[in-house]
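User: I'm new to this structure and would like a close look at one part of it, the pockets. Could you walk me through them, and then through what else is around?

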Amino acid sequence: MRVVMFGYQTWGHRTLKALLDSEHDVVMVVTHPKSEHAYEKIWSDSVAELAEEHGVPVVIRNRPDDEELFQLLKEADPDILVANNWRTWIPPRIYALPQYGTLNVHDSLLPKYAGFSPLIWALINGETEVGVTAHMMDEVLDAGDIVMQQAIPVGPTDTTTDLFHKTVDLIAPVTIGALDLIASGQTEFTKQDRTQATFFHKRAAEDIRIDWSWPAETLERLIRAQSAPYPAAFAFHKGKRLEILTAVVSEGLYGGTPGRIFYREGEGVVIVAGADARTGRNHGLAITSVRTEDGAELPASAYFKTMGGYLTSRP
């Protein structure tokens, strides 16, 4: 099939590479301009550069809603559009333009985790598996019929970075497998159960601020979710920002006030956590490494020289 691809960052790059390595013919690529946004500078392989290396025409757009782009798409005469990590709304006159419509590739197990940063949200929420879904685009974001989907398990120590590397390897087989089904003439696909749909927003600085009323188990997943190269989860100690790089759930149960710097346990320093921590039935968060405001990375045992005092959510 003749394919026009809409995509950005490493997800789009992997999609384009899969298309270029397939029997399908990529006739045009549409991608976003480079961004200085913290999350968009992560996994930022260039779709434009890969397309240009293979002689594929490239169009740069923030939004795909202008008349010039529409005319370019009509001239390219694609059989199908393929989108992955396109960051703005694609209007119906574009996604419905080709004979076979538009195949969107999304890094979650739809209908759950539609929208943005699905791997981070899924890890924080304790999901047991994540994956990649190829679905037909319609008027509702990430809601169209599922053509193909593959899942991988989430391990007990997996970070978002680990899950990124695992799921990005699914892009090629899911994308090309879905295209092959469409090219074979299949038109009936799996409708999403909209009663199971969840939709998440982009991550921002407020989303990585530690709230010590959360259970230690959730905080431990937050810290794994915000692993490098993502911005680290943070709290404040004596009015200064302190990034929490690694932590585990404590073995012991600790009671008191959430945020209290309480006890040395193994290689970690236990912080009281959980809204009901006063009951003494909660595990704490055993911090094992931190980064200070000046960029110094230290074992928690070296940073916290004495017990007592608090880590707070704000200065």
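**A look at the pockets**

The largest pocket holds about 760 Å³ of space. Keep in mind that this is a predicted model. Lining that pocket are 36 residues, and those nearest its centre are N85, W86, R87, G115 and F116. As for the elements involved, α1 (9-20), β5 and α5 (118-124) each give two or more residues to the lining. Sort the lining of the largest pocket by class and you get 17 nonpolar, eleven polar and eight charged residues.

Now for the second largest pocket, with about 250 Å³ of space. Here 16 residues make up the lining, and Y8, H32, K34, S44 and S46 sit closest to the centre. Helix α2 (residues 47-53) supplies the largest share of this lining, three residues. By class, the second largest pocket is lined by five nonpolar, six polar and five charged residues.

Strand β5 belongs to an open sheet of seven strands with mixed pairing, and the order runs β3-β2-β1-β4-β5-β7-β8. At the edges you'll find β3 (58-60) and β8 (146-153); each has a single partner strand, so one side of each goes without a neighbour in the sheet. On average, neighbouring strands here are turned by 15° against each other, if you ignore direction.

Further in, take β1 (residues 2-7) and β4 (residues 80-84): they pair in the parallel sense, over five bridges. Within that pairing, F6 stands opposite A83 in β4.

Helix α6 (residues 160-168) lies across β7 (129-136) and β8, and runs at about 40° to β7. Helix α7 (residues 171-183) lies across β4, β5 (102-106), β7 and β8, running at about 155° to β8.

Is P315 buried or exposed? The cut-off for exposed is over 50% relative accessible area, and P315 has 72% relative accessibility, so it counts as exposed. With F236, the C-alpha to C-alpha distance is 5.7 Å, although P315 and F236 are 79 residues apart in sequence.

Key:
Residues are numbered from 1 along each chain as its sequence is written. This is a predicted model: local features need pLDDT of at least 70, side-chain atom pairs count only at pLDDT 80 or more; totals for chains, interfaces and linings use all residues. Side-chain values use heavy atoms; hydrogens and water are left out. Two strands pair if DSSP finds at least two bridges between them. Helices (H or I, at least four residues) and strands (E, at least two) are DSSP runs, numbered from the N terminus. Axes are lines fitted to C-alpha atoms, for helices over the stretch in contact, and angles run from 0 to 180 degrees between N-to-C directions. Contact means heavy atoms within 4.5 Å. On a 1 Å grid over the protein atoms alone, a cavity is a set of points where a 1.4 Å probe fits but cannot get out, and a pocket is an open set with protein on both sides within 12 Å along at least five of seven lines; lining residues have an atom within 4 Å of a point. Grid points are joined across faces, edges and corners, and a volume is the space filled by probe spheres set on the points. Ala, Val, Leu, Ile, Met, Phe, Trp, Tyr, Cys and Pro count as nonpolar, Asp, Glu, Lys and Arg as charged, and the others, Gly among them, as polar. Buried means under 20% relative accessible area, exposed over 50%, partly exposed in between (1.4 Å probe, protein chains only).
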